[in-house]
Amino acid sequence: KSIYPGFTNQCHQSSGMAIQFVYDVKKNMMNYINIHSALANDSLSSKRLDWLTSNSLLIRDLGYFSMESIKSIKDKNAPQSLGCAE
């Protein structure tokens, strides 16, 4: 609980983790992985774009939206798709 705090439910459990994972389908390789508390907002991970190159296609859900990341993506000439996971 102290390392990965999470949301409290009816059983009073308060531990949880989230995994941020970026995979390059064309190169068949992992670009980024991070494990953190479930309480951290996905938009905080949206700023980590050091692996992004020109003409990369980045597909994310709206939880990663931030104006700062949109600007960084545009600066790297990478198209972006924002959508909802169903």
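Student: Beyond neighbours within four places in sequence, with which residues is Leu52 in contact?

Tutor: In this predicted model, Leu52 is in contact with Leu58, Ile73, Lys76 and Ala78, once those neighbours are left aside. Each counts as a contact because heavy atoms lie within 4.5 Å.

Student: Which residues make up the largest nonpolar core?

Tutor: There are eight: Val22, Tyr32, Leu49, Trp51, Leu52, Leu58, Ile73 and Ala78. The term applies because such residues are buried and joined through side-chain atoms within 4.5 Å.

Student: Why is Tyr64 called buried?

Tutor: The relative accessibility of Tyr64 is 18%, and buried means under 20%; therefore Tyr64 counts as buried. Tyr64 is placed in the loop between β3 (58–61) and α2 (67–75). With neighbours within four places in sequence left aside, its contacts are Gln20, Asp42, Ser43, Ser45, Ser46 and Ser69. One of these, Asp42, is 22 residues away along the chain, with a C-alpha separation of 5.3 Å.

Student: Why is Ile33 called partly exposed?

Tutor: Ile33, in strand β2, has a relative accessible area of 45%.

Student: What makes up the nonpolar surface patch of about 810 Å²?

Tutor: The patch is made by Met17, Ile19, Phe21, Tyr23, Val25, Met30, Ile33 and Ile35. Both β1 (17–24) and β2 (29–37) supply at least two residues each, and β1 gives the most, with four.

Notes
Residues are numbered from 1 along each chain as its sequence is written. This is a predicted model: local features need pLDDT of at least 70, side-chain atom pairs count only at pLDDT 80 or more; totals for chains, interfaces and linings use all residues. Side-chain values use heavy atoms; hydrogens and water are left out. Buried means under 20% relative accessible area, exposed over 50%, partly exposed in between (1.4 Å probe, protein chains only). Patches are made of residues with over 30% relative accessible area and no salt bridge: like charges are joined within 9 Å, nonpolar side chains (Val, Leu, Ile, Met, Phe, Trp, Tyr) within 5 Å. Accessible areas come from the Shrake-Rupley method with a 1.4 Å probe; for residues, only the protein chains shown count as cover. A salt bridge is a side-chain nitrogen of Lys or Arg within 4 Å of a carboxyl oxygen of Asp or Glu.
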